[in-house]
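Hi,

Here is the structure I promised to pass on.

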There are 2 protein chains.
Amino acid sequence: MPALSKRDIIVATALKLFYRHGFNATGVERIIKEAGVSKKTLYNHFKSKDELVLATLRQRDELFRNNLMRETERLGDTARERLLSVFDVHHQWFQQKDFSGCMFINAAAEFSSHQNPNHILSAEHKRLVRHYIRGLAEQAGANNAETLSKQLNLLLEGAIVDAYVSGNSEAAIIAKAMASVFIEKALARVH
Amino acid sequence: MPALSKRDIIVATALKLFYRHGFNATGVERIIKEAGVSKKTLYNHFKSKDELVLATLRQRDELFRNNLMRETERLGDTARERLLSVFDVHHQWFQQKDFSGCMFINAAAEFSSHQNPNHILSAEHKRLVRHYIRGLAEQAGANNAETLSKQLNLLLEGAIVDAYVSGNSEAAIIAKAMASVFIEKALARVH
DNA sequence: ACAAAGATACACCGATCGGTGTACCTTGTC
DNA sequence: GACAAGGTACACCGATCGGTGTATCTTTGT
């Protein structure tokens with residue numbers, strides 16, 4: 001019994017290639033070649049390339065958020081600390097040599113229609129990340145967890161783009177320092 | 001003598017299509033069709049599609065920054081005010097019905113290699129926008145114009161992504177409020 | 001041992017990709 | 001009125017696109 005099903009191999013390979021080279025720029029021929037799988041097998045598991053893209057994005061969302069939550073909780077002991085370690089986790093991410101920006105921002109760029117399932121899923125991913133941050137903000141006892149989560153989320157997005165497009169490897173550091181200002185504000189005792 | 005040369009028509013048409021549908025997803029066939037121009041004419045002005053993409057991005061950079069500077073200066077009278085009106089200009093941009101995010105973020109997503117000329121030009125565009133902001137910060141007498149410009153730039157990037165991917169039409173408002181915190185800090189009298 | 005499931009190789013499909021070659025036609029200039 | 005420049009239409013190129021059909025082979029459960 002294989003630890004990885006053919007389907008898993010296909011998704012993992014497609015994920016790597018889509019992330020590295022883009023969606024439209026990656027043909028199914030290349031995916032099956034690198035996955036070591038026949039074209040028939042791919043189309044046995046997925047009705048179309050577009051369905052494969054969607055499955056790939058779903059997988060990425062799961063892997064990304066699981067890693068974000070695990071690492072954030074490893075680096076920070078309290079909810080307050082964790083609001084900041086979110087930025088450290090992003091910083092680590094930006095340093096990885098295969099960092100190619102946020103796959104969901106990239107997907108939104110290629111699938112520009114807001115009705116496109118891939119774009120919708122990208123928005124959903126962003127919503128879920130922000131939801132996690134809002135949870136941390138609530139646990140930390142923030143005055144307005146909703147507002148704080150929107151602020152921190154915006155800083156994260158900015159850092160990702162700056163790190164990727166401009167290659168600014170300290171983007172997360174700057175964003176973290178900015179974040180601390182709003183965290184302090186939101187967690188200050190109301191007097 | 002035509003007001004617009006064939007070349008200008010081609011670039012303008014390609015700009016619209018690339019921005020709306022993406023680079024790889026837009027074929028030259030469609031461009032020449034909508035531009036009302038023969039394929040030979042296009043390849044008479046540009047050696048390849050990639051060269052057309054580059055020319056298109058250059059044009060976009062010029063148009064975007066000219067508009068940004070003009071509108072920013074129209075909306076704010078002092079340098080301090082203008083540091084904030086930058087966000088108002090972005091807010092207006094986000095409300096436009098043909099808003100499809102930042103063309104340079106989109107380009108970086110599709111041309112992922114940092115050595116790719118289109119990616120390099122995108123980074124250069126971002127650098128020039130930040131340079132403009134730093135100029136405003138200096139005119140306003142900021143303590144550390146370099147730092148402030150990095151902070152405001154990060155907020156702008158975040159707002160653009162949030163407005164586009166998640167369709168958050170108030171992203172610029174949030175970013176502006178956050179920006180004011182750092183502007184206040186940087187312009188406070190040192191005592 | 002046997003049959004069903006699933007994977008394989010490979011040929012093939014029409015459409016589209018970026019790009020070229022040819023031949024004609026329009027336009028402004030001297 | 002001749003000429004060159006630059007435009008047009010259109011056929012065509014090899015390559016690749018996403019996707020399918022067929023026939024064979026390997027694995028799997030019972």
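A word on terms before the notes: Ala, Val, Leu, Ile, Met, Phe, Trp, Tyr, Cys and Pro count as nonpolar, Asp, Glu, Lys and Arg as charged, and the others, Gly among them, as polar. This is a predicted model, in which local features need pLDDT of at least 70 and side-chain atom pairs count only at pLDDT 80 or more, while totals for chains, interfaces and linings use all residues. Residues are numbered from 1 along each chain as its sequence is written, with chains lettered from A and ligands numbered from 1 in the order in which they are written.

Let me begin with DNA strand D. α3(B) contributes the most, 4 residues (helices are DSSP runs of H or I, at least four residues, numbered from the N terminus).

Around DNA strand C there are 16 residues, and Ser38(A), Thr41(A), Gly27(B), Ser48(B) and Lys49(B) come nearest. Here α3(A) supplies the largest share, 4 residues. The classes are 3 nonpolar, 6 polar and 7 charged.

Finally, the two protein chains: 37 residues from chain A and 37 residues from chain B make the contact, counted when C-beta atoms, placed from the backbone, lie within 7 Å. On the chain A side, α8(A) gives the most, with 11 residues, and the residues divide into 17 nonpolar, 13 polar and 7 charged.

Best wishes

Key:
Helix = DSSP H or I, 4+ residues; strand = E, 2+ residues; numbered from the N terminus. Near = placed C-beta within 6 Å.
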